[in-house]
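Hi,

Here is the structure I promised to pass on to you. Have a look at it first, and then read my notes below.

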Amino acid sequence: MFQKIKNGGLLDHVSESEARLVSLLQRDASASVADLAEATHTSPATVWRRIRSLEERGVIGPPVRLVDPAKVGRGMDVYCQVRMKSQDARSRQAFQRAVDDEPAIMEVYSVTGEWDYMLHMVVRDIADFESILMRRLLELDCVAGTSTIFALRRIKHTREVPLSP
């Protein structure tokens with residue numbers, strides 16, 4: 001979707017000033033318009049218009065507060081690879097409904113290689129994971145098998161998307 005253009009490799013559809021603003025918002029979405037204006041050397045009205053424009057164009061979504069999973073009793077990160085029996089539309093839809101319905105499944109990726117999907121879950125403990133595995137995933141007729149990786153600890157975790165090459 002984004003393509004490199006002249007001007008130091010900035011991304012198409014995002015000006016240099018917008019990229020600075022987006023970088024600031026990624027670090028602290030609760031920053032005031034006045035603080036953002038000061039940091040970007042523009043007026044509050046300009047910052048407000050740029051934020052609205054970025055939202056309307058789908059560059060940025062709504063502000064959210066990130067939760068530390070460990071502080072709410074979900075301190076175990078689990079990565080589960082899933083192999084499907086079939087890739088037909090009905091199987092894909094059934095799988096998507098199942099993962100959409102499970103709140104502990106935070107991310108789902110369609111991947112290349114031996115496996116068809118990679119799931120990232122935050123669970124309370126191994127028993128919690130086993131319950132999800134048995135009642136949500138392995139109960140599906142379309143799932144052929146799974147392989148699981150338990151993270152020992154998070155080394156780096158960020159949601160900040162780099163805006164420069």
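Arg 52 and Glu 55 sit three residues apart in helix 3 (residues 44-56), so about one helical turn separates them. In this predicted model, the two form a salt bridge, with their closest N and O atoms 2.8 Å apart. Arg 52 is partly exposed at 31% relative accessible area, and Glu 55 is partly exposed at 31% as well.

Other salt bridges reach across the sequence. Glu 102 pairs with Arg 135, the closest N and O atoms being 3.3 Å apart. Glu 102 belongs to the loop between helix 4 and strand 2 (105-110) and Arg 135 to helix 5, so this pair ties together parts 33 residues apart in sequence. Glu 102 is buried, at 6% relative accessible area, whereas Arg 135 is partly exposed at 45%.

Arg 159 and Glu 107 also meet in a salt bridge, at 3.4 Å from N to O. Because Arg 159 lies in the segment after strand 4 (143-150) and Glu 107 in strand 2, the pair links parts that are 52 residues apart in sequence. Here Arg 159 is partly exposed at 47% and Glu 107 is buried at 18%.

Now for the nonpolar cores. The largest has 20 residues, and Leu 119 is among those with the most contacts inside it. Strand 1 (76-84), helix 4 (89-100), strand 3 (117-123) and helix 5 (126-137) each supply at least two of its residues. A second, separate core of twelve residues includes Val 14 and Val 47.

Best wishes

Definitions and conventions:
Residues are numbered from 1 along each chain as its sequence is written. This is a predicted model: local features need pLDDT of at least 70, side-chain atom pairs count only at pLDDT 80 or more; totals for chains, interfaces and linings use all residues. Side-chain values use heavy atoms; hydrogens and water are left out. A nonpolar core is a set of buried Ala, Val, Leu, Ile, Met, Phe, Trp, Tyr and Cys residues joined through side-chain atoms within 4.5 Å. Buried means under 20% relative accessible area, exposed over 50%, partly exposed in between (1.4 Å probe, protein chains only). Helices (H or I, at least four residues) and strands (E, at least two) are DSSP runs, numbered from the N terminus. A salt bridge is a side-chain nitrogen of Lys or Arg within 4 Å of a carboxyl oxygen of Asp or Glu.
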